[in-house]
Every structure is written in C-alpha cells, then in structure tokens.
Amino acid sequence: MLDVKADKKIVVLCTSRVYDPQVYGYIRRLNDDLVKNNCALLIFSINSDQYWNEEDLSAETAIFDVIPYKSVDAVIIMDEKIKSHSVTNKIIEASRSYSKPVITVDGSYEGVSRICFDYPAGFENVVRHVMERKVLKNPHMMAGFKGNIFSEERIEIFKKVVTEYGFEFNESMVSYGDFWSNPTREAMQKLIDKGNIPDAVICANDIMAINVFDVLTSNGYSVPGDVLVSGFDGYDEALLMDPKITTVSCNTSELADATVEMIKKIFESDGKMPAVERKVVPVLIPNESTGCPAYTGQTQNILSRFNNNFYRHQDDIRILYNITTSMQLANSPEQMISQLKKLVNDEKVTQSLTCVMNKNCFDRDDYFFDKYNSTVNLQDFTYVYDADNETNIVEVEVEDTLLRPDNKRFMEKVNSGYPVIFNALDYMDTLMGYVYYNYQSYDIIKYSRTANITNTISMGVGGYINSSYQRGLVEKIDKMYKKDALTGLLNRIGFQNLYDRIRSSDENYGREVTVIMSDLDGLKYINDNYGHEEGDNAIITIAKALKKSCPEDALCVRYGGDEIFAMIIGKYDIEGVMDHIKKELADYNETSEKEYMVVVSCGFASYKLDEDFDIKKALRNADKKMYEEKKQHRMEQGKAM
C-alpha cells in the first residue's frame, strides 16, 4: 500500500460524488472539525453510484484499493452513497487487517461503529404530518426498490401510521419507483390511468416526489389542491419546485459533528473502543406541497450556485473536449501527458492536479485492456504528472516517492488544512491509474469539476492507449509487409514501393544507379549437412554484410532464397563495396567457430537513372556477372580438391 506519514493523524473518507450537496456539506463540516483536532482528511471517491449491483461493479471502485491503510489512523465509509455492500466489506476487511478503526455512515456492519440518521423516526414524522394536513380517503406511498432495506423499512412505517389513522392497509396502497425518475413516472402514470387517484402520495425520497409532482400536474391535477405530495432526503431541488415540496433536512453538519466526536473517542481509547451507534434525527421541513407556508431556506443562494455552475459548465465542456482530443491524438506518452498542462493553465478548470498511471499503459507491444484488470499493483504505477512540479512530467516509482515523508509537496497538501480528493482513472472497465486534487478552498463548483476532469483524463489516456496500440499494429503490419522476416532487408514489395518513389523523383533523374547481386555459395550443402537453421544463419550473415557495406541510403533487398541485392543511387566505389562484403564474411568465418564457411558470389551492373533504365534488365545483367564469379569459385574449389 501507499505509505503516508504526517504530523497530523490521517483520516480517510470513502464516498461517492464529492459534489453532491449532502456529501459536500458533510465533507466541509467534517474537515473543519478534524483540522481543529489536529487531523488531516484524505477522500477516496468514486463518481458513480453502484446501486447495490454487486456482480457488476465499475472499475473505479479500485480507487479504494489505493488507500494507505498502513499509515492512516481511521477510516470512514459512506455506505449509502457508495451503494455496494461488497465494496464496503472489502474496505472494512482491509482496515481490520491493519488494525485500523472503521466508522460507517448509514451502513450497518457487524462489529463496526455506525453514525446514521434516524431515518425511521424522520420518515414517521413526514407520514404523520401528511396524515394530519387534511382528512384523507386514499393515501398512497411511492416506495424504492422491492426488498431494499430502506424502502421496506419506510413501507412498514407507512403501514403502521395509516393503520393508526383507521385505514386497512393493503398492497395496492404502495407503488415502487426504485428511488429514481423513470420508474416513478411510470408507476404514477399507471395509477392515474387506472383512475386510482390518491389524495396524498408519500414518497421515500425527494427524486420520486419531484417526479410524482410533475406527472400529476402534467395530467391536470393540482398539488396540493387535489393531491398532497411529500418527499424525503432534504435535497436542494425540492426547495426549487413550485410549489415547494415538503421534505426533511438530513443535516450533514450534525452527522459530521457526531462522526468527529466518535473519532475522538476512538483515538482516546487507542482504537480499542467497542463498536457503538449514534443516530441523528432528520428535521421535518413542512412546505407548500402539503398545504403549508413556503419554506425557502437558502433557495436564492442555491439557485445562484446552480446558475453559476451551469454557465461555467458550458465553458468547461469545450475545454475538456479539446484536451481529450489532444491526448488521444498524441504521438508519445510525453506529448499525451503534457496536455494536462492545459487543465492547470486554465484557471477556470483546476489549479491542483496530480496524476499517477500504470506504466504498462504505454507498452505498445501488449494491449493494455486485454492484459490488465482492476487489481491494484502499485509496483506497476508511475508518478507522471504534478501540477505543482515545474517540470510537470516525472517518471519515478509510486512506492518510492508518492505519499511518503520525503515527498514534501504531498505532505504540504496533507497538512494544508483542506482535503485531498482521490479519483480512479478507468477506461473500458479497467483501472489505468488515479488522480488527486487539493483545492485550497471549499468551492462546490471546483468539487463538481473533479468528476469531469477525471473523466477527461480517463477518456484521453484510454483513447491514447487504443490509438497508440493501433498505430503500433499498423507499423508492425507495414514492417511485415515491406520487410523480409528472416533478414530484415526489404522484400520485393517493399523494394518496389521505394523504387517507384526514387524513379519518379526529379532530383534522381540522370544519376548513376548500380545494382549489386549476391548469392550464397553452397546453401544446399549447408542445409543438407548442418540443417536449415544453419542455412538461415548463413543467409542472415550475408544480409548483414551487404547492409553494412553499402551506403545508408542504399536499398538492400532479399530477392528470394539466398539471392540478395542492393541498389545504390549515385557514384560510389562499387568494387570497394564488394571487397568490404567479402572482408566482413572473412572476419565472420574466422571467429564464428562454424564447421562451414559463409562464402558469397557477387556481380554488379551500372546505368543512368533515366527513361531508358530497366530495373529487371539491370538485375539480369548483375545476376549474370554474379554467376560468372560463382563459376569461378567452383573452378577454384575443384582445383583445390
């Protein structure tokens, strides 16, 4: 794991969507309280809810594997925000393996201290409030998922209260909106289509209440005139509706205060305090949707913040799109990473960013998304970008540099008084690395940008990996297409392509062109007596000798079998080239310790490169002279015998 040590105690918060108003409010109050108690906060956050789908978790949940359990002093998990029991259990198990105390917010796990809102008490207050507003004939509940613990709990409360008010509860009094918009709209429209119009719809959360309200008014019903509507959660959006929706305030400040008080007690007991539970009762906010006077709260401030966020977001989209495109089109890892400077240079986006990548992302020989999954192995990570570092690009091992006492920049961030926020970089459901931010202020607009910036980098790096690998494949295919696999010389097709280019070039017209043809003597003898592998070795040796002896711009070609030729443009000492070939082979034969000799026969023909030049004729003439030398070699061998 990563190694952190600071002068302060380190508290880790595991959550989702740091820009969510409730999460943001909790973070701000929590961090302020922790700083007062000489603690620093590290936030490990995903940017999407898992919706309790334990069999299909997103790769970004691997960010929790980066938590420096060895060095932290306490771990807080916002279970209801992450929405995955398996993720929470994994964090708890890892924390326990390092004997680190854990606190869950809203989650209930054996042997783990818990801070939670008293949702049952808060929801019961909402139901009783609605029942008391007027005499009801047909109260209805819009529940969440079937089987969900929170939804079932609220159904039981609804059942209990309506029974107290003289109703005989039956299943038709409950619809399921799955805590989300479309299912809620479908369920509400189904009630209307059946003619079963409730005179009150009590919703298990605010999102469903907003959509119930919209479906009712779209069908010509008045809220609260015809139907009372209530929500639950205290989301800002409920206060922006017209009429404003009755809900509860889940005061994150009280939740954060309770968390810090529990952490203090844990620290005072040296982590030996038994698991405890602390509940905070949500506060009822009566509003217009149940016929009460309007409660505005901070509505104007909320609206201003939303407007500000919206218009800035439009500017960000183009900036981030351009950065993603530039990263994907980069020709090298350095060029790709350097695009991140645009994020820092544009003050509207971010001034705080550090990027850590799996160095195997940049290996063009292996396709990263086939070879790697979301398992974290920090030995594979490299620390590639730091907005606070003047060079901006560094390549050092994470375990040697990141989150350690000798990393002064990171220690400054830890001790800055503001949280450090970690996000995973994932693409095609594979973890590529992670980024972290350290803003020197509480600004929900900046917090909201972390998701977009992280997504920009993920898309940019992922696109670069794909395009880089594809370019590598094209180069390999091109090389295979143009180069001889055995010798590395041009094959016939590769030669023809380059020859056509040379022939059509005006600057080459009229220049001298020479073709040297060479052929291995005794290839059949070598193959028959020493094997085809040694025959290949002899061919490779001749190819190397020819390539080394010719000028750099010569076209060296394996014509077929053991026939190899070179085409040289311009005046050149051709006799010297052939002498050099033979000297290279003589040196090889002297040192190779092979039982056979590598001997070559050569011939050449020179012409003018004009409209009368015929490469086939030149090759035939060079080949004829080569065979004259080969015949001479055979005669000499016969005399020697």
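1. A quick definition before we start: a helix axis here is a line fitted to C-alpha atoms, and the crossing angle is taken between N-to-C directions, anywhere from 0 to 180 degrees. Keep in mind, too, that this is a predicted model.

2. Now try that on helix α17 (residues 523–530) and helix α18 (residues 532–549). Their axes cross at roughly 145° and come within 7 Å. On the α17 side, the touching residues are Leu523, Ile526, Asn527 and Tyr530, and they meet His532, Glu534, Gly535, Ala538 and Ile539 of α18. Sorted by class, this contact has 5 nonpolar residues, 3 polar and 1 charged.

3. Next, have a look at the open sheet. Its 4 strands pair in parallel, in the order β7-β6-β8-β9. At the edges sit β7 (174–176) and β9 (228–230), each with pairing on one side only. From one strand to the next, the twist averages 20°.

4. Zoom in on one pair from that sheet. Strand β8 (residues 200–203) runs parallel to β9, and 3 bridges join them. Which residue in β9 is the bridge partner of isoleucine 202? That would be serine 230.

5. Last stop: the largest pocket, which holds about 1,100 Å³ of space. It is lined by 45 residues, and the closest to its centre are Arg17, Asp20, Asp49, Lys81 and Tyr235. Several helices give two or more residues to the lining, among them α1 (21–36), α5 (149–164) and α15 (444–482). How does the lining divide by class? Count 22 nonpolar, 9 polar and 14 charged residues.

How values were computed: Residues numbered from 1 in each chain as written. Predicted model: local features only at pLDDT ≥ 70, side-chain atom pairs only at ≥ 80, totals over all residues. Heavy atoms only, no water. 1 Å grid on protein atoms, 1.4 Å probe; cavity = no way out; pocket = protein on both sides within 12 Å on 5 of 7 lines; lining within 4 Å. Points joined across faces, edges and corners; volume = space filled by probe spheres on them. Nonpolar A, V, L, I, M, F, W, Y, C, P; charged D, E, K, R; others polar. Contact = heavy atoms within 4.5 Å. Pairing = 2+ DSSP bridges.
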